[in-house]
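Subject: Structure for your review

Dear colleague,

Please find below the structure I am handing over to you, followed by a summary of what was found in it.

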Amino acid sequence: MVLAAGCELGSGSVMFDASVWRIRSIRDSVRLEISDEPSPAVLNRFTHLDPDTPHLENASQEIGEEVEDGAVFSISLRKVQMYQSSSKSQRWMGVDSDSGLSLYETCKLRTIKAGTLERLVEYMVTAFRGNDSTYVTIFLCTYRTFATTKQVLDLLLNRYAKLQPGAEARRMTPDERTELRNTVSSILGAWLDQYSEDFWKPPDYSCLRRLIHYLQLSFPGSDLERRACNLLSQFHRRLQQESDRDVLDQCCAFALLQENGFHEERPDFLNFDPTVVAEQFTLMDAELFKRVVPYHCLGSIWSQRDKKGKEHLAPTIRATVSQFNRVTNCVISTCLSDRTLKPAHRARILEHWIQVARECRILKNFSSLRAILSALQCNPVHRLKKTWDEVSRENIRIFQELSEIFSDENNHSLSRELLIKEGTSKFATLEINPKRAQKRQQPQRDLTVMQGTIPYLGTFLTDLVMMDTAMKDYLDGGLINFEKRRKEFEVIAQIKLLQLACNNYNFKRVAGFSVWLSGVEKLSEAESYSQSCEIEPLSESASNTLRAKKSSGIMKRWSDRQPVGFRRSRMQWIWKLSLQVLRSAALPAGSERVTGRRRRLSQCDVCRLQQL
């Protein structure tokens, strides 16, 4: 029998007061718990103690809301285990204490659900000193979606300026003043340590200087003041370094060319072991992913990237996107650049990339893995029927299994499950099919070295953009919807955890690979498709593609693997192109000056439509 404060039995009669948590009686498999609330405790519900059913520890249940001036609070109850006890006879017989009696208490939780900016800032101190320990972390991570650094800092410092000597400070007891000082110091310290970029406002750094001035008055000579001053010095050095960065990059590039020789022949891609290529991509991806500022991934920030004046928004995310596109271009370029290669030799290049993708899977580098698979599935490479016919059956099998990871079925459920399962694990689960995993033991590289995990960042970005679209920023009365921020932080926390796991990678740069990668030809979509058509003319590939559609086929169509929005835009493009073909075919006989040109265009487009 579980008792909770504030509940009534029948007519609402009071059973007894409960000033301290304790167990009154335990009989007939019924547990009686008493709350420490000052109000009377009355019967709420029965809980049967089934020894075979584990009790849900720390499970919380929302029971209502409380509305105050400028804030809405969610009220919930949570069961927390106090201790376990076992009888003397059980201990004498060696019975584990887990089989003894577990005692629980039910705590009342009060968390802010929505509020004005002033109340949200004020609640940071209350939450830090209370039982909403995650609030400060969530607020500091997400507040940029509804406020500026200056607004939050001004509210926090103005609200707790009473730490300075004055009439209000004298009304506080020494213990209260000490506790408040420690709380404010902890909040400001967490802000400086975890989100120092908030104070990067060159050239005057007004927010950081305001904070330093406050610390000099309220915390003179403290470690927090020293850290703030050190941060200001770092910002000054960083500004100087950034002004010289372009010159340094040019010098480094020139030195690299001198070291490796201007006229040395570029290494062949096939000369690089797939393990080396995967490790070098992983090294680059890990460095970029660790630099990602997690709150830049929030939908309200990332969705603004294409708007005018937002070109420099979220630079760390743009860097990871650029690296993804660089890997994709590298795969396409190596497969298409040499038009004189025979299908068998070009197939060796495809097989080499498939092995690189497999090594990326072993290293749990899902970013480069997806980039390589996307390149191999793109139309300019996928349409090379003669080349794919020369690829070995074993490599086709590996390619199929790796491609299944990023299947868009059930909102990419497989890739999400793998990320959850392997996010902080030591090694990768190489088999997609559990039955295959039982039949074949996959080799691991070094069982003594832990591996990190590099996710495909696009999954998180998509989730956060959809979350931002689905949930309101403000509720009735103009209150900031902080529940939305809690949901967003659940995704941000996953990114932070994976960033820590990336520290487990320990690879060294290979100079020869860097030189080769920097020399890879950059191809646009039009150029890659044109070169693909030169390798295998349109008429042949179109007929081959049509035959492949009728047969079962080995590989799934690239278009089938794309999001619905991508397929829709592609179908719109095909519709417009077909309309253009029909119009050019219906030209009158007298329009000789443009007919030839349009007829040539229409013949090419007809073949292209057939291939699509």
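Over the face of which residue does Arg-159 lie, and at what distance from the ring centre? In this predicted model, Arg-159 is placed over the face of Tyr-160, at 4.8 Å from the ring centre. A further arrangement of this kind involves Arg-144, whose charged end sits over the ring of Tyr-195, 4.9 Å from its centre.

Aromatic pairs

A pair of aromatic rings is described by the distance of the centres and the angle of the planes. With ring centres required to lie within 6.5 Å, the count comes to 23 aromatic pairs. One of them is formed by Trp-191 and Phe-199: the ring centres are 5.2 Å apart and the planes stand at 50 degrees, so the pair is tilted. Trp-191 counts as buried at 1% relative accessibility, and Phe-199 is buried with a relative accessible area of 0%.

The rings of Phe-272 and Phe-513 have centres 5.5 Å apart and planes at 85 degrees; because an angle over 60 degrees counts as edge-to-face, the pair is assigned to that class. This pair links distant parts of the chain, 241 residues apart. Phe-272 is in the loop between helix 9 (245-260) and helix 10 (274-291), while Phe-513 belongs to helix 22 (residues 511-518). Both Phe-272 and Phe-513 are buried.

Ring pairs also join Phe-73, Tyr-123, Tyr-135, Phe-139, Tyr-143, Phe-146, Trp-191, Phe-199 and Phe-482 into a cluster. Two members of this cluster, Phe-73 and Tyr-123, are among the residues touched by Thr-111. Other contacts of Thr-111 include Val-72, Ser-74, Asp-132 and Arg-486. Thr-111 itself is found in strand 7 (residues 101-115) and counts as buried at 18% relative accessibility.

Backbone geometry

Most residues other than glycine have a negative phi, and most peptide bonds are trans.

- Pro-203 is in the loop between helix 6 (174-194) and helix 7 (206-218).
- Tyr-205 is buried, with a relative accessible area of 0%.
- Ala-314 is in the loop between helix 11 (299-302) and helix 12 (315-336) and is buried, with a relative accessible area of 2%.

With kind regards

Definitions and conventions:
Residues are numbered from 1 along each chain as its sequence is written. This is a predicted model: local features need pLDDT of at least 70, side-chain atom pairs count only at pLDDT 80 or more; totals for chains, interfaces and linings use all residues. Side-chain values use heavy atoms; hydrogens and water are left out. Rings of Phe, Tyr and Trp (its six-membered ring) pair if their centres lie within 6.5 Å; planes under 30 degrees apart count as stacked, over 60 as edge-to-face and the rest as tilted. Buried means under 20% relative accessible area, exposed over 50%, partly exposed in between (1.4 Å probe, protein chains only). Helices (H or I, at least four residues) and strands (E, at least two) are DSSP runs, numbered from the N terminus. A charge sits over a ring if NZ of Lys or CZ of Arg is within 6 Å of the ring centre and within 35 degrees of the ring normal. Contact means heavy atoms within 4.5 Å. Lists of a residue's contacts leave out its neighbours within four places in sequence.
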